[in-house]
Amino acid sequence: MPRRNDLEQKALQFIINTGYEGVLQSELWRKLRASSREGSRIALKLEDKGLIRREKELRDGRWTYRLYPKRLPASIDSIADCPCLLCPDNPRCDPSSAISPRSCERLTEWVLSITKTEFGMMGDS
Amino acid sequence: MLSNIDDATLVRVAEALGDEEAVKLIEILKNSDETTDDEIANKTGIRLNSVRKILYKLYDHSLVSLRRTRDPKTGWFIFHWRLQPDQLEGFILSQKRRVLEKLNIRLQYEKNHDFYYCYTPGCRRIPFEDALEIVFRCPTCGKSIMHYENDKILQTLTKKVEQLRKELGE
């Protein structure tokens, strides 16, 4: 049945796009303009195939499922500006040596720059 | 072509590993099946030694593969390079694991230590044990050092560690 497969693909894409937030099953079938029966069948099928994870959630007094993608497209964004990525001292970096992630100033600066963006100030309050 | 990775991610990795030159180089590799360092240098205008430097860096991370043939006229080796996009996901995951390990070490250290600081830009924070030995004077600028509240650093580290764990599915 091509329609079912199309819908499955669309649903999977939609779930992947929600990332770590996931999406409520009820929301999904409304977005896809499918019936609740179709929606839950698709969710079950995707779970069977190991593509998504379902977690029970109480919403407005009713039990529904939140659907999460099992694998997200790999992205380097979270560490792209981390100094460890290109650090020339990497082979010598160890907690027991002079070059250590405990005291590395480059790492401190990176953490402080994130702190600054997140809290709008230096971490030295 | 790329299973779970899009072209934008490829460019982001090139940026993280190198600079604009690495991005240009990746563009050429992406659009050709196999190419030589000479061709890349001609097409991008990047100096041949820089091209090779970037290629070797990518090769170190298995992001490109290498085939060697001999030039029948000169007898010199010709290197043929090919992008290995299927290795990209593995590369990203292993880098994240490495960063996560380091951040965990730092998080534990920050949790278990009290820090003292002279609040002069460019000077280091000193853990209490060391501060005691240097009688609370900054070894760099000589000013007296005061207690440094590291709770924001702790929050940032905890958040980052959690984010990376989530992304790695741990």
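Visitor: How many Å apart do the C-alpha centres of domain 1 and domain 2 of chain A lie?
Guide: They lie 41 Å apart. Bear in mind that this is a predicted model.

Visitor: OK, and which residues belong to each of those domains in chain A?
Guide: Domain 1 covers 2-69, and domain 2 covers 83-119.

Visitor: What about chain B, how is that one divided?
Guide: Chain B has domain 1 at 7-83 and domain 2 at 94-168. Taken over C-alpha atoms, the centres of those two chain B domains are separated by 39 Å.

Visitor: Let's switch to helices. What's the reach of α4 in chain B, first C-alpha to last?
Guide: That helix, residues 48-60, reaches 18 Å with its 13 residues. At 1.5 Å a residue you'd expect 18 Å, so the reach is close to that.

Visitor: Which residues of α4(B) are buried?
Guide: Val51(B), Ile54(B), Leu55(B) and Leu58(B). Looking down the axis of α4(B), you'd see these buried residues fall within an arc of 100°, so they line one face of the helix.

Visitor: And what covers those buried residues?
Guide: The cover includes three helices of chain B, α1 (7-17), α2 (20-31) and α3 (37-44). It also includes the chain B strands β2 (64-70) and β3 (77-83).

Visitor: Which residues are exposed on the other side of α4(B)?
Guide: Over there, Asn49(B) and Asp60(B) are exposed.

Visitor: Last one: which residue with a positive phi follows α4(B)?
Guide: That's Ser62(B), with a phi near 60°.

Definitions and conventions. Residues are numbered from 1 along each chain as its sequence is written. Chains are lettered from A and ligands numbered from 1 in the order in which they are written. This is a predicted model: local features need pLDDT of at least 70, side-chain atom pairs count only at pLDDT 80 or more; totals for chains, interfaces and linings use all residues. Domain bounds come from an automatic or database domain assignment. Helices (H or I, at least four residues) and strands (E, at least two) are DSSP runs, numbered from the N terminus. A residue is buried if 20 or more other C-beta atoms lie within 10 Å of its own, exposed if 12 or fewer, and partly exposed in between; C-beta atoms are placed from the backbone. The arc is that of the directions from the helix axis to the C-beta atoms. Two residues are in contact if their C-beta atoms, placed from the backbone, lie within 7 Å.
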